[in-house]
Amino acid sequence: MKTDPGWLAVRLGGDDSDLRAAQRLRYRVFVQELGGDGPMVDHEAGLERDEFDVMVDHLMLVDTRRDPAAGDHVIGAYRLLRSDVAERFGRYYSESEYDLSPLKASGRRLVELGRSCVDPAFRGGSGMFLLWNALADYVLDNRIDILFGVASFHGTDVAPLAQALSWLHHRHLAPPELRPVARPPHFQRMDLVAPESLNRQAAIAAMPALIKAYLRLGGVVGEGAWLDHDFNTTDVFLLMDTAAMSDRHRRYYQDRWQGA
């Protein structure tokens, strides 16, 4: 994995202290900041966790100046679930929200991305750049064909999200042969605004940075959003073909890094 010349490093989690530090970061972001909850969230210990944590690879952005014994050395995280691991485990995380039959029937090597977060104090710097570069290395090392996962808008009121959701539906819908569909009863139509009434500026302004980054790298979306009341989010399904990602990834990050 690549490391920053300074005090940031990106690596896969190695032990229980790494995992607990990632869960502690996720608690601060998903529970305290965004108002989420879940059946395995430990409010007393301040840990956001679930049953997938023991199965997946945890890609971590680490502040090397901090002592891991203190439990706050992980300042960014990504959760990665490869298709071979998901087959042994029995399911993907996003299968509770979306029908993944088209992807699973494609015969291609998959990795599900989830729980992406960065400590608020480190957003806007090189942290996400390092995480995404490390993710590209992971994709190459594991010969991944398709990356996918859910990305979230804050809140479950879709009215202020109508332009953004409609833009995704009309401009970035995945091809039918790969397109997952949101499951009832929390399925939410995304075509809320007619194509001729779309406002690109309003749509892009309402999108979280992570979704915009996926789109710049050639990402496409599934059919319908899914209202996650536990996490207080409106989720959209994003997938990316790595054949398209490789060239776009290089150009996108070169442009951003040189312009920083």
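Student: What do the buried residues of H5 pack against?
Tutor: They pack against strands S6 (146–154), S9 (220–221), S10 (225–228) and S11 (233–241), plus helices H6 (200–205) and H7 (209–216). Contact here means heavy atoms within 4.5 Å, and buried means under 20% relative accessible area, with exposed over 50% and partly exposed in between (1.4 Å probe, protein chains only). Helices (H or I, at least four residues) and strands (E, at least two) are DSSP runs, numbered from the N terminus.

Student: Where do the coordinates come from?
Tutor: This is a predicted model, where local features need pLDDT of at least 70 and side-chain atom pairs count only at pLDDT 80 or more, while totals for chains, interfaces and linings use all residues. Residues are numbered from 1 along each chain as its sequence is written, and side-chain values use heavy atoms, leaving out hydrogens and water.

Student: Back to H5, how many of its residues are buried?
Tutor: Seven of the ten in 162–171, including Trp167 and His169.

Student: Switching topic: how many salt bridges?
Tutor: The count is 21, taking a side-chain nitrogen of Lys or Arg within 4 Å of a carboxyl oxygen of Asp or Glu.

Student: Which residue does Arg115 pair with?
Tutor: Asp50, at 3.1 Å, N to O. Arg115 sits in strand S5 and Asp50 in the loop between H1 and strand S2 (57–63), so the pair ties together parts 65 residues apart in sequence.

Student: Is Arg115 buried or exposed?
Tutor: Buried, at 12% relative accessibility, and Asp50 is buried too, at 10%.

Student: Which residues are linked with them in a network?
Tutor: Arg26, Glu48, Asp53 and Arg79 join Asp50 and Arg115 in a network of salt bridges.
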